[in-house]
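This report describes selected features of one protein model. Please examine the sequence and the structure before reading on.

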Amino acid sequence: MKVLIADRFEAGGIDALEALGLDVLYQPDVKDAALAEALASSKADVLVVRSTKVTDAILEAGTLSLVVRAGAGFDTIDVRGASRRGIYVSNCPGKNSVAVAELAFGLILALDRRIPDNVAELRAGRWNKKEYSQSRGLYGRTLGLLGFGSIGQEMARRAQAFGMHLAVWSEIGVKVGRDGVPADLPVLVPLRGAGSPIDPVVTVYGTPAEVAGHCDILSVHVALNEQTRGLVNADVFSRMKPGAYFVNTARGEVVDYKALEAAVKEKGLRVALDVYAKEPATPAADFVDPLVNLPGVYGTHHIGASTEQAQEAIAAETVHIIRTYLETGRVPNVVNLSRKTPATHVLVTRHQDRPGVLAHIFERLREAGINVEETENIIFADAEAAVARISVKGEPPPSVVAAIKSGNPHVLDVHVVAVN
């Protein structure tokens, strides 16, 4: 099996893949047409990418059977195009959660203490303690979280340590436990800060706008999909308090940046961004964005997952995915399998475990124009008999069932079960 790695990747991960006997091609700089050409010429079976876009044309150029996104999101991959071609798409969810949460909290602290401005003044030879002695502090403030997956929950843990309250919304819903606390949130304990004791309050809201209206800091942690594209819009920003903080370490497309720019100018929002509406395709390039030039707006270079810890964890998970595929044919974390089968019936066939039985069943179904959606063949002890569970679209008529049962001496029994 041949693996093409088309982005920066941990050396230890490459060594681990080669130790499996795989032919590994490491070409971290190939993009666009060059990537298509590399896939066509190498005949690679597996493609590993981080930020590199994998378009329909790139998928068409090669003979891939698996694309691994060495990270959490997979919006840079044409998943529909991969599905049409029977190419698995897999990712590494949760492996960069801590790294992203650390950066997001670093940005929150930077906004509150104006750390970049402090540094710039000192480097310019100016001492201005009076100006920078003014900050609000985080203790007792409310952090709003849009998204409560693995990153959102890491944010919640850190907010608790800072003695903050939480306002939460999630696109997939949040299970609420006792006292309105999300069931999957770590146990909240009373925290004692410099002042009086504080019991952190966690409130789950039904919309992003409601969260925005009840928080001092709004931080975005949702995946990019058709439901979340443009999720944080003018309505959300209109609910935020004047001078509130906004942080986006998710995806640029999740936020209406024109509306954000207007809110910065009109409401004095302070903003920290790690992702942007338009980002360069290469690691080093010129970058122009009017939003980052506004007062009170800080930016980093889409580095949320870029810690050694995160990259090592992602490399290890990538190796695990490819190893499992190599050894079992199964793909962990696959994102493009159908969640709901179109099958309407299951053809359950007990048979002796002999060559040709399944071929006989499939041929009878083909003759009847009945499509097979999924197949499972379960072997009994001693490998003398088996049960084939064949999910089909459309009910096999009695004549087909009779032909399957009588047409092969190794078929023991056949019956049909309706599933939809």
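Val119 counts as partly exposed, because its relative accessibility is 34%; buried means under 20% relative accessible area, exposed over 50%, and partly exposed in between (1.4 Å probe, protein chains only). This is a predicted model, in which local features need pLDDT of at least 70 and side-chain atom pairs count only at pLDDT 80 or more, while totals for chains, interfaces and linings use all residues. Residues are numbered from 1 along each chain as its sequence is written, and side-chain values use heavy atoms, with hydrogens and water left out.

Ala16 and Arg239 are 223 residues apart along the chain, and 50 Å separates their C-alpha atoms.

## Helix H12

Helix H12 covers residues 308-328; its 21 residues should span 30 Å at 1.5 Å a residue, and the end C-alpha atoms, 30 Å apart, agree with this. The expected span is 1.5 Å times one less than the number of residues. Among the buried residues of H12 are Ala310, Ile314, Val319, Ile322 and Tyr325. The buried residues of H12 pack against several elements, including H1, strand S1 (2-5) and helix H5 (97-113); contact means heavy atoms within 4.5 Å, and strands are DSSP runs of E, at least two residues. After H12 comes Gly329, with a positive phi near 80°.

Notes: Helices (H or I, at least four residues) and strands (E, at least two) are DSSP runs, numbered from the N terminus.
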